[in-house]
Amino acid sequence: MAGAWLLGSDAATRADRPRAVLVAVRNEADPQDSGSGTELSLAELERLADTDGLTVVDAVVQSRPRPDSATYVGAGKVQELTEAAERGHADLVIADGELTPGQVRNLEEQVGVRVVDRTALILDVFAEHARTSEGRLQVELAQIAYQLPRLRGDGRGLSRVGGGRVAGGAGMGVRGPGEQRLETQRRRLRQRASRLGERVRELSRRREQTRRRRTRNRVPSVAITGYTNAGKSALLNRLTGADVLVEDVLFATLDPTVRRIRVDDIVATLADTVGFVRYLPHQLVDAFRSTLEEVSRSDLAVHVVDASAPDAANQIATVHDVLREIGAGDVPELLVLNKIDVAPQEQLTTLRRRYPDALAVSALTGAGVGELRTALAARLREVGTGTPSPSR
Ligand SMILES: Nc1nc2c(ncn2[C@@H]2O[C@H](COP(=O)(O)OP(=O)(O)OP(=O)(O)O)[C@@H](O)[C@H]2O)c(=O)[nH]1
Ligand SMILES: [Mg+2]
């Protein structure tokens, strides 16, 4: 059920989709943030909302050096936001940043609808798309990390964590006023998190054993990485004939699928991995660390880029940031410009000039995929003869 824990179950089962108003603060002085930066960020927030089953009815943007500490946007903008929410019959407001618990409370009081932030939305999309038990455990861990500092004692702050997967968890059957109740909720969530953490570590140990076996058998490992919706799964399918879910939504893939691939006479494993996004919540990066190890422990990263995205270069930079953050900054990279069948010619030319070693392909039509296989074989031969780093 999309939007289940953001809105509560009744909203999620309604025939019409819940309606949301977006709100963003942009810093004119920051070139990254001003003008098209905010627009792209908002467009992406809208896609996230859409993926989560919400309809965006309006957006309110304010230029200021930094968010208001009490209400995210200033008093005048709060008024504007309130009117936009009323006009659009909105069920919730989504802020394009991470809000403090105080900002959420104040905004909700003044605007009169539920207020969530980008992080909560991304967590909800992840919860929706996690299929394997490991993926689910990791999402729930991330949700708990997000909820813990935001508990309010009235149970609302943690409504529907993991779409109700914390069955009988915090907030249920807990009596007693204010602080005591809050403390009980906190304790239960922490206990739950520590149990989940233990299970994630166990699964991670098993994954490590599989990896060791592969290393012993000298099977090189390739990880497909890249921005969400870049076409990673489509490329895996194209290269291996696999049948991984390909969808025009963000974060369709959360659980790594590993397939065998043969290029020339070389056999390798090819892993599809979770996509990255601007402002990927650190709670998710922490919780998904073991899944993301698939990238940091691989011999080669195939970095897939949606060459038709207007901010492709920014997406490349974001992916590099996250790769560094998860300790995969040193993994050799093969950059692949995908979706050349729809990328505007001019943009493609700019990207090729900027990344002369990149390969241009279309996972959809198969164009350029032959050259990619050749390049893969060459790179795998290189990493195969190179001295393995101690971590592998
Ligand atoms: N036109 C075109 N569309 C493509 C191409 N490759 C993938 N797509 C489309 O792009 C969308 C995303 O593809 P996926 O393979 O699911 O992307 P992903 O990178 O695995 O995305 P996540 O798992 O959500 O991070 C789908 O609608 C695909 O059909 C391509 O070469 N050309
Ligand atoms: Mg995918």
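A crossing of two helices is left-handed if the near helix is turned anticlockwise from the far one by less than a right angle, and right-handed if clockwise. By that rule the crossing of helix 6 and helix 7 is left-handed. The model is predicted: local features need pLDDT of at least 70 and side-chain atom pairs count only at pLDDT 80 or more, while totals for chains, interfaces and linings use all residues. Residues are numbered from 1 along each chain as its sequence is written, and chains are lettered from A and ligands numbered from 1 in the order in which they are written.

**Overall fold**

- The protein has 14 helices and ten strands, taken as DSSP runs numbered from the N terminus (helices H or I, at least four residues; strands E, at least two).
- Of its 392 residues, 44% count as buried, a class that requires 20 or more other C-beta atoms within 10 Å of the residue's own; exposed means 12 or fewer, partly exposed in between, with C-beta atoms placed from the backbone.

- The axes of helix 6 (residues 118-129) and helix 7 (residues 133-147) come within 9 Å and cross at roughly 160°; axes are lines fitted to C-alpha atoms over the stretch in contact, and angles run from 0 to 180 degrees between N-to-C directions.
- Helix 6 is therefore roughly antiparallel to helix 7 (under 35 degrees is roughly parallel, over 145 roughly antiparallel, 65 to 115 roughly perpendicular, the rest oblique).
- Helix 6 contributes T119, A120, L123, F126 and A127 to the contact, and helix 7 contributes V139, A142, Q143 and Y146; two residues are in contact if their C-beta atoms, placed from the backbone, lie within 7 Å.
- This contact has seven nonpolar, two polar and no charged residues, where Ala, Val, Leu, Ile, Met, Phe, Trp, Tyr, Cys and Pro are nonpolar, Asp, Glu, Lys and Arg charged, and the others, Gly among them, polar.
- Helix 7 and helix 8 (residues 178-216) have axes that come within 9 Å and cross at roughly 145°, and their crossing is left-handed.
- Eight nonpolar, three polar and four charged residues make up the contact of helix 7 with helix 8.

**Ligand 1**

- Around ligand 1 are 23 residues, of which G231, S233, D248, T253 and G275 come nearest (near means a C-beta atom, placed from the backbone, within 6 Å).
- Helix 9 (residues 232-240) supplies the largest share of this shell, three residues.
- By class, the shell has nine nonpolar, nine polar and five charged residues.

**S290**

- S290 lies in helix 11 (residues 289-296).
- S290 is partly exposed because 18 other C-beta atoms lie within 10 Å.
- Beyond its neighbours within four places in sequence, S290 is in contact with V200, L203, S204 and R207.
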